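Here are my notes on the ligand site and on one residue in a neighbouring helix. Please read them with the structure open.

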Amino acid sequence: MSDSVEEFSSVFQHAKKVVVLTGAGISAESGIPTFRGEGGLWRDFDATELATPGAFAANPSLVWEFYHYRRTIVAGASPNAGHYAVAALQRRCRRLGKDFILLTQNIDGLHAKAGSTDVVELHGSLWETRCCHCKAVEANRNMPICPALDGKGAPDTVHEANIPSMQLPRCNKCNGLLRPRVIWFGECLERDVLRRTDDALQGCDLLLVVGTSAVVYPAAGYAPLVKSQGGVVAEFNTEDTPISYNCRFKFQGPSSVKLPTALGIGEDELAEMKET
Ligand code: BV8
Ligand code: ZN
């Protein structure tokens, strides 16, 4: 395993199809708690206990409090140098005639805010809803998303808001109960997302894996897949993960530092991305 920027740069020069896969770690330095690091708990719940259809069916008020809390955190967050480096990489690949696709497990929308385009949001978006009844999907950035959630969702209270269903977010079309348009554990990724991801990984010869614990499938299977087809995998993480042994490159440290350094993206180029 190497952390040589020169070696990585030479692999990048020869790459034809570059894919970037990101997880919660790339947004950590924007102040957004990761899932499995400290801050990953909300009240006494592990985030993964709330990100399930069963939790929502049992207590939609509690799950909406959780997502309202995350919307509140993300609404006040800005992209960091890691997000801007990914956006700059996409622009560089376009200029060099290389294919580039960004796959993110994050639902915070910070990649788009940093200037990345055609982002594949594997697990959906905090900023969209889906109607449980008529399945209508809508963008929704209202804060709060409904009056009853105003001031709710505090991570350090034991008092659940117990909002009656009719006061939770409701569909403009059929008045059905809305849910966040995110993929919960036990739910399949959307067909179009799976198609775009398969297309991305087909023939990928350089995969950058940034800020993910690599334990959630199907995303955790992408690095071994790319390696099995002869591609090079580079991991950017503060820790080792189950895919680290699979990676030809490991840049250990915060992605806001390691990504720009490994990609040779300087302050001025990052600042330029910030301006766009
Ligand atoms: C599926 C959306 C087919 C919501 C998320 C039993 C029943 C059902 C399914 C399963 C089952 N057993 C296994 C499965 C499959 C399951 C799964 O993988 N489970 C795991 C836990 C074993 N997967 C699914 O259910 C998927 N669907 O497989 O469909 C199917 C259907 C039915 C039955 C079987 C199969 C759906 C998975 C999507 C779940 N939704 N989120 C929401 O966000 O609220 S997943 C959730 O975890 C987030 O999306 C998050 O992105 C994702 C992964 O977490 P990470 O992003 O990696 O974040 P984490 O905190 O873990 O790690 C952060 C990393 O960053 C760390 O490594 C840290 O070191 C690093 N870091 C921190 N700071 C920095 C940093 N790195 C760099 N710089 C820093 N500064
Ligand atoms: Zn509806």
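1. By class, the shell around ligand 1 holds 13 nonpolar, 14 polar and five charged residues. The model is predicted. In total, 32 residues surround ligand 1. The closest are Arg36, Arg70, Thr212, Ser213 and Tyr217.

2. Where does ligand 1 lie relative to domain 1 and domain 2? Both domains give residues to the shell, so ligand 1 lies between them. Domain 1 covers 1-32 + 79-123 + 189-276. Domain 2 covers 33-76 + 125-182.

3. Two helices deserve a look here. Helix 2 (25-28) supplies at least two residues of the shell around ligand 1, and so does helix 5.

4. Now the polar contacts. A polar side-chain atom of Tyr67 lies 2.7 Å from an oxygen atom of ligand 1. For Asn237, a polar side-chain atom also sits 2.7 Å from an oxygen atom of the ligand. Ser255 uses its backbone: an N or O atom there lies 3.0 Å from a nitrogen atom of ligand 1. Taken alone, ligand 1 exposes 1,400 Å², and the protein buries 75% of that.

5. Glu65 belongs to helix 5 (residues 60-75). Is Glu65 buried or exposed? Its relative accessible area is 2%. The cut-off for buried is under 20%, so Glu65 counts as buried.

6. Which residues is Glu65 in contact with, leaving aside its neighbours within four places in sequence? They are Trp42, Arg43, Leu149, Lys152, Gly153, Glu160 and Ala161.

Methods:
Residues numbered from 1 in each chain as written. Chains lettered and ligands numbered in written order. Predicted model: local features only at pLDDT ≥ 70, side-chain atom pairs only at ≥ 80, totals over all residues. Heavy atoms only, no water. Helix = DSSP H or I, 4+ residues; strand = E, 2+ residues; numbered from the N terminus. Buried < 20%, exposed > 50% of the residue type's maximum accessible area, 1.4 Å probe, protein only. Contact = heavy atoms within 4.5 Å. Near = heavy atom within 4 Å. Polar contact = N/O pair within 3.5 Å; in protein donor to acceptor, adjacent residues only side chain to side chain. Areas by Shrake-Rupley, 256 points an atom, 1.4 Å probe, with all protein chains shown as cover. Nonpolar A, V, L, I, M, F, W, Y, C, P; charged D, E, K, R; others polar. Domains from an automatic or database assignment.
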